[in-house]
Amino acid sequence: MSLLEVSGLSIRYAGAAVVNDISFTVDEGESVGIVGESGSGKSQTALALLGLLPKQADVSGSVKLGGEEIIGATEQALNKLRARRVGIVFQDTMQALNPYMQIGKQVRQVLLQHQLAAGDAADRRVMEMLRRVGLPDPERQFRAYPHQLSGGMRQRVMLASALIAEPDLLIADEPTTALDVTVQAQILELLEDIRDNTALLLITHDLGIVAGRCERMLVFEKGRLVDAGPTTSLFASPGHAHTRALLDVAPRIDRGTFPAPIKASTILSVEAAEVVYEAGGSAQLRAVIDVDLSLRKGETLAVVGESGSGKSSLVRAILGLIPMHSGRVVYAGEALDGPVETRSIAQKRDFQLVYQDPVAALNPQMRVQSIVGEPLSVHEPSLSSQERIARVITTLQKVGLDDNYLRRYPHQLSGGQAQRVAIARALILEPSVLVCDEAVAALDGSVRAQVLALLRTEQNKTGLSIIFISHDLAVVRSISHRVLVMYMGHLVEFADCEKIFAAPRHPYTRALLDAVPVPDPVVSVRVAPLKGEVGSLLSPPSGCVFHPRCGYAKEICSERAPEPRDVGGSRVACHRADDIELTPQHP
């Protein structure tokens, strides 16, 4: 008998099926991945396994854990299963953790509720579990609140809470989606190390994670289970067209041609940029420190690095959305000084920005027609209403939407459609520079591929220059001509895309590349993840800010900060760039 047996599971809301007649099993100690695009029923299935669906859900079928039926069970019976026999880790740790309760007390609740330990014994078990999940200072974190921890540390707390009762099954619902690639690698490695014989049901849209971590794979499409089998077999020979489609659009860091370097003239240059935030009292937080960059006409420049590296601060300062403490920005031969409000109407028109979350960026009270057409009202007020609508329709067609969307509100759009509308709004003025701040991070594989293809097409047609901020290096590899790598506000490497991916010169760049999972179980390589967390910008390490996490550091690295210099065609800030071999596992 399998540990988990799901038979004929269906979930309906107001008669509409979101999960339709799904059956599968999970054996003791087995790792099973569930993949599929948004709306495929993955998370609804996970909630059904724990009896967490809302009352309006119409659930039928059978879910048995160790032979005990979950569908229709009483709340009292379910509470005996939750955390004790089945643990769960959610994607959004800030919503999953109680903001008013200290971390240690939240984890201890599991032990107290199931009478597994009490008093000092419970505290000792919690402290030991916090150590096992790799929290750097468990005694202090025990008393900390969720908002005082980084995203990676909060996810470690969620793992501690889910595993402290030693459950038979762990459900991980997109546990690493919002994390940096290095932290993601740490969490996945940790999950393998500490789950012991706990079975794992891993829900994700990242096929690379499934390829390296799961023995079997289940593929969902529109509420149905369309493919299932051993992971290696399904990757090699998909049994369903949808599985093949998911594999085809999955970005890969280990293959594909690199975009050819652009030789055009420089359209934008930044010299010695610094961004400083007041941090209370006399304290200052230096978010960007002495960064130089250039952007050529028709080029895509990617800016990468972990959270807190200064990517968004740098770009927002270039756009004039936040003040630049010092430095110089030159666009088309003219200095861009001061906040965006003081810049000329032509300069404002030439720079457009696309945010990560389109639903939050779009006005919920405006229809698509008004959202996309609003910039024309500001920059081309002489257009008639008919001319404006015609321009809106033409621009929507560029992004793959027809005039049926004109009257829709943002909440009536899917995530991919909303992002297309945001891009249409940015492109309708035919800008010279488009800034994409994690613009495809929240999109499903097929939609992401379509949006990236759209950006390439527009760039080829118009010579559009793009600054592409992303933590997804597989996507960066496919679209970028050059890459700027940042760490704790510093430029650590700047080079052509092919040089960055095939022959990185900085240990941090190598660590980022090694952390990216490859969607192929045959070539997937397990690399020891980068240890530790990004340091505090209020009290950065001496010398090279990366040296506390660097496996190549020598005494000079802690004593003196390296100056950026040219090494083998790359601009790199590393004392040892000449004498260490950093070829990545997946060139």
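These questions and answers concern a predicted model.

Me: Is Gln352 buried or exposed?
Reply: Gln352 sits in strand β16, which spans residues 351–354. Its relative accessibility is 15%, and the cut-off for buried is under 20%. Gln352 therefore counts as buried.

Me: Which backbone oxygen does the side chain of Gln352 reach?
Reply: Beyond four places in sequence, Gln352 is in contact with Ala426, Leu429, Pro431, Val433, Leu434 and Val435. The side chain also reaches a backbone oxygen at 3.4 Å. That oxygen belongs to Arg349.

Me: How are helices α4 and α7 oriented, roughly parallel or roughly antiparallel?
Reply: The axes of α4 (residues 103–113) and α7 (residues 151–163) come within 8 Å and cross at roughly 25°. Angles under 35 degrees count as roughly parallel. The orientation of α4 to α7 is therefore roughly parallel.

Me: How many nonpolar residues does the contact of α4 with α7 have?
Reply: α4 passes α7 in a right-handed crossing. Ile103, Val107 and Val110 in α4 meet Val157, Ala160 and Ser161 in α7. By class, this contact has no charged residues and one polar residue, and its nonpolar residues number five.

Me: Which helices do the buried residues of α15 pack against?
Reply: Helix α15 covers residues 368–379, and its buried residues are Val368, Ile371, Val372, Gly373, Pro375 and Leu376. These buried residues pack against two segments, 385–398 and 415–427. The helices are α16 and α17.

Methods: Residues numbered from 1 in each chain as written. Predicted model: local features only at pLDDT ≥ 70, side-chain atom pairs only at ≥ 80, totals over all residues. Heavy atoms only, no water. Helix = DSSP H or I, 4+ residues; strand = E, 2+ residues; numbered from the N terminus. Buried < 20%, exposed > 50% of the residue type's maximum accessible area, 1.4 Å probe, protein only. Polar contact = N/O pair within 3.5 Å; in protein donor to acceptor, adjacent residues only side chain to side chain. Contact = heavy atoms within 4.5 Å. Axes fitted to C-alpha atoms, helices over the stretch in contact; angles between N-to-C directions. Parallel < 35°, antiparallel > 145°, perpendicular 65-115°, else oblique. Left-handed = near helix turned anticlockwise from the far one by under 90°. Nonpolar A, V, L, I, M, F, W, Y, C, P; charged D, E, K, R; others polar.
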